[in-house]
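This report describes the architecture of one protein chain. The sequence and the structure are shown first.

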Amino acid sequence: MFSHTHPYEPFIFEQAEKLIVGTLPPPRFTTGELKIDDVDFCYGSRNGMLWPILDRIFDLGLVYENTNLAIEQRKNFLLSNKIAVCDIVEAAERDKVDASDLGMQNVQLRDVVNYLEIYPNLKTVLFMGGNSKNGPEYFFRKLLKASGLKLKTISDQVPRVYELQLPESKRIIRTVSLTAPSGAANRAVGSLDSYKRMKAADVNFNTLDFRVMQYRDFFTR
């Protein structure tokens, strides 16, 4: 069994209003065997799409390399836009050393609900994926069920939107289940009617373009 532990502590701070929630980065981030164009920070995989998406939305001019400059660019963006990151998986075990969410076993979760209580300015949770097994929304619902809590559906269209009333502060938190920023989700994107219509209208339209359109509304509000 490969012990896949999260290499980063939650990047969270008092002023944060939005919270990005995923699962685990690829195993090489745990073992420290990064590639030259990986960034040693949250969502820094060379194959990941989150930073390229945000780069296009906010015109950030990011560098994609294993340097301190690349890390600081991303931290500065998150701080200035009041966006925190707290992936929901602390650790898991794997038979096969890969980044598949489905391959995770004996999963240890971070108590994201407690973070929402602790940081009073948080209003929105942005899930990097939906409610498929071992996805971030799936695990969040598991935490809620253990506490007798439920999400209220606001929109059942992709990206699905829910609301949660926190048990202690009674604040209302909105959650958005965005299409995962990974290549593994491209097949799901390609099956969406909305994507098919856009692709038919513009042959150059691709799955990254689709995510940029989807993410923009929720990251810039």
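The model is predicted. Its open sheet comprises 6 strands in the order 3-2-6-9-8-7, and the pairing is mixed. The edges are formed by strand 3 (83–85) and strand 7 (152–155); each has a single partner strand, so one side of each lacks a neighbour in the sheet. From one strand to the next, the twist averages 25°.

Strands of a sheet pair through backbone hydrogen bonds, in either a parallel or an antiparallel arrangement. Strand 7 and strand 8 (residues 160–165) are antiparallel and are joined by 3 bridges. Within strand 8, Val-161 is the bridge partner of Ser-155.

## Strand 6

Parallel pairing is found on strand 6. Strand 2 (residues 18–21) runs parallel to strand 6 and is connected to it by 4 bridges; strand 9 (residues 172–178) is also parallel to strand 6, with 5 bridges between them. Val-125 takes part in both pairings: Val-125 is the bridge partner of Leu-19, and the bridge partner of Val-125 in strand 9 is Thr-175.

Strand 6 (residues 124–128) has 5 of its 5 residues buried, so it is largely enclosed by the rest of the structure. In a regular strand, side chains alternate between the two faces of the sheet. Here both faces are covered, with Thr-124, Leu-126 and Met-128 buried on one side and Val-125 and Phe-127 buried on the other.

## Helix 2

Helix 2 (residues 50–58) has the buried residues Leu-50, Trp-51, Ile-53, Leu-54, Asp-55 and Ile-57. These buried residues pack against strand 2, strand 6, helix 3 (68–80) and helix 8 (207–220). An α-helix has 3.6 residues a turn, so residues three or four places apart point the same way. Asp-59, which follows helix 2, has a positive phi near 50°.

## The largest pocket

The largest pocket holds about 1,100 Å³ of space. It is lined by 47 residues, of which Asp-101, Met-128, Ala-180, Ser-182 and Ala-184 are the closest to its centre. Two or more lining residues come from each of helix 1 (27–31), helix 5 (136–146), strand 8, strand 9 and helix 6 (186–190).

The lining consists of 23 nonpolar, 18 polar and 6 charged residues. Met-128, among the residues closest to the pocket centre, is also one of the buried residues of strand 6.

## Two loop residues

Is Thr-179 buried or exposed? This residue lies in the loop between strand 9 and helix 6. Thr-179 has a relative accessibility of 11%, which is under the 20% limit, and it therefore counts as buried. Beyond four places in sequence, Thr-179 touches Val-158, Ala-185, Val-189, Phe-210, Arg-211, Gln-214 and Tyr-215.

Asn-121 is located in the loop between helix 4 (112–118) and strand 6. With a relative accessible area of 33%, Asn-121 is partly exposed, because that class lies between the 20% and 50% limits. Apart from neighbours within four places in sequence, Asn-121 is in contact with Glu-14, Gln-15, Ala-16 and Glu-17. Asn-121 and Phe-140 are separated by 19 residues in sequence and by 19 Å in space, C-alpha to C-alpha.

Note on methods: Residues are numbered from 1 along each chain as its sequence is written. This is a predicted model: local features need pLDDT of at least 70, side-chain atom pairs count only at pLDDT 80 or more; totals for chains, interfaces and linings use all residues. Side-chain values use heavy atoms; hydrogens and water are left out. Two strands pair if DSSP finds at least two bridges between them. Axes are lines fitted to C-alpha atoms, for helices over the stretch in contact, and angles run from 0 to 180 degrees between N-to-C directions. Buried means under 20% relative accessible area, exposed over 50%, partly exposed in between (1.4 Å probe, protein chains only). On a 1 Å grid over the protein atoms alone, a cavity is a set of points where a 1.4 Å probe fits but cannot get out, and a pocket is an open set with protein on both sides within 12 Å along at least five of seven lines; lining residues have an atom within 4 Å of a point. Grid points are joined across faces, edges and corners, and a volume is the space filled by probe spheres set on the points. Ala, Val, Leu, Ile, Met, Phe, Trp, Tyr, Cys and Pro count as nonpolar, Asp, Glu, Lys and Arg as charged, and the others, Gly among them, as polar. Contact means heavy atoms within 4.5 Å.
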